[in-house]
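Dear colleague,

I am handing over the structure below, together with a description of what was found in it. Please read the text with the coordinates open beside it.

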Amino acid sequence: MCPDVRPHPPAVLPLAAELADFIGGAVSISLGSCGAGLVPNLTRGLGCRVSADRRRLRVWLAASASAALLADVAANATLAMVCSLPATHRTVQLKTRDARIGALEAGDRDCVARYRAAFVGGLEALGYPAAVMSMLVAATDEDLAAIDFTPHAVFVQTPGPAAGALLVAAGGEGHAP
């Protein structure tokens with residue numbers, strides 16, 4: 001899941017409200033990066049907040065489990081984020097080249113706690129044991145890190161014939177999933 005290293009157009013501005021709600025919901029979040037040798041790194045996201053104007057995203061992760069990805073972001077600012085809703089398998093991928101490690105802000109820990117509860121609750125409703133699912137999104141408050149970015153392209157990744165299709169890119173190009 002290496003981010004595309006080709007130049008991207010200016011940021012997608014803004015995300016559609018429905019897409020922003022989806023990304024900021026109880027989706028499974030995977031974050032991918034690549035280092036200088038194009039070696040991929042992958043980690044789990046612990047929630048995402050979309051800015052009020054739907055132009056910027058903040059995603060949280062466990063720093064101790066994500067050292068390589070955080071180093072990649074610090075070095076080259078590229079990041080791919082995949083969001084998938086387990087109940088439906090609806091999946092989107094967002095790509096950026098302006099990712100930055102951000103300092104935790106007031107309210108971030110509360111957002112992560114709400115995400116964890118909603119994510120685990122959604123999986124529990126599907127029959128998965130809450131105790132096991134909680135381990136997927138476990139991290140201490142002291143271990144949380146944040147990455148801020150502007151999406152440059154969004155792709156449909158839901159399994160099926162449209163997988164890989166451009167959903168939206170800078171300038172509003174793309175189509176509905």
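How many residues does helix H3 have, and what distance does it reach from its first C-alpha to its last? In this predicted model, helix H3 covers residues 108-125, which gives it 18 residues, and it reaches 26 Å between those two atoms, close to the 26 Å expected at 1.5 Å a residue. The residues of H3 that are buried are Asp108, Cys111, Val112, Tyr115, Arg116, Phe119, Val120 and Leu123. Seen down the helix axis, these buried residues fall within an arc of 155°, so they line one face of H3. An α-helix has 3.6 residues a turn, so residues three or four places apart point the same way. On the other side of H3, Arg114, Ala117 and Ala125 are exposed. Just after the helix, Gly127 takes a positive phi of about 100°.

Against which elements do the buried residues of H3 pack? Their partners are strand S1 (28-34), strand S2 (40-50), strand S3 (57-62), helix H4 (130-136) and strand S7 (144-149).

Of the 177 residues in the protein, 46% are buried, while the protein exposes about 8200 Å², of which carbon and sulfur atoms supply 60%. Among the contacts with a separation of 6 or more, 67% are between residues 24 or more positions apart.

In what order do the strands of the sheet stand? The 9 strands form an open sheet in the order S6-S7-S3-S2-S1-S4-S5-S8-S9, with antiparallel pairing. Its edge strands are strand S6 (100-102) and strand S9 (166-169), each of which pairs on one side only, and the twist averages 30° from one strand to the next. Helix H2 (residues 67-76) also packs on the sheet, where it touches S1, S2, S3, S4, S6 and S7, and its direction makes about 55° with that of S1.

Strand S1 deserves a separate paragraph. Why can S1 be described as largely enclosed by the rest of the structure? The reason is that 6 of its 7 residues are buried, so the strand is largely enclosed. S1 pairs with S4 in the antiparallel sense over 5 bridges, and 5 bridges likewise join S1 to S2, which run antiparallel. S1 and S2 form a hairpin with 5 residues between them, and in the turn Leu38 has a positive phi of about 60°.

Continuing along the sheet, strand S4 (residues 79-84) is joined by 6 bridges to strand S5 (residues 91-96), and these two run antiparallel. Within this pair, Ala80 stands opposite Lys95 in S5.

With kind regards

Methods:
Residues are numbered from 1 along each chain as its sequence is written. This is a predicted model: local features need pLDDT of at least 70, side-chain atom pairs count only at pLDDT 80 or more; totals for chains, interfaces and linings use all residues. Side-chain values use heavy atoms; hydrogens and water are left out. Buried means under 20% relative accessible area, exposed over 50%, partly exposed in between (1.4 Å probe, protein chains only). Contact means heavy atoms within 4.5 Å. Accessible areas come from the Shrake-Rupley method with a 1.4 Å probe; for residues, only the protein chains shown count as cover. Helices (H or I, at least four residues) and strands (E, at least two) are DSSP runs, numbered from the N terminus. The expected span of a helix is 1.5 Å times one less than its number of residues. The arc is that of the directions from the helix axis to the C-beta atoms. Two strands pair if DSSP finds at least two bridges between them. Axes are lines fitted to C-alpha atoms, for helices over the stretch in contact, and angles run from 0 to 180 degrees between N-to-C directions.
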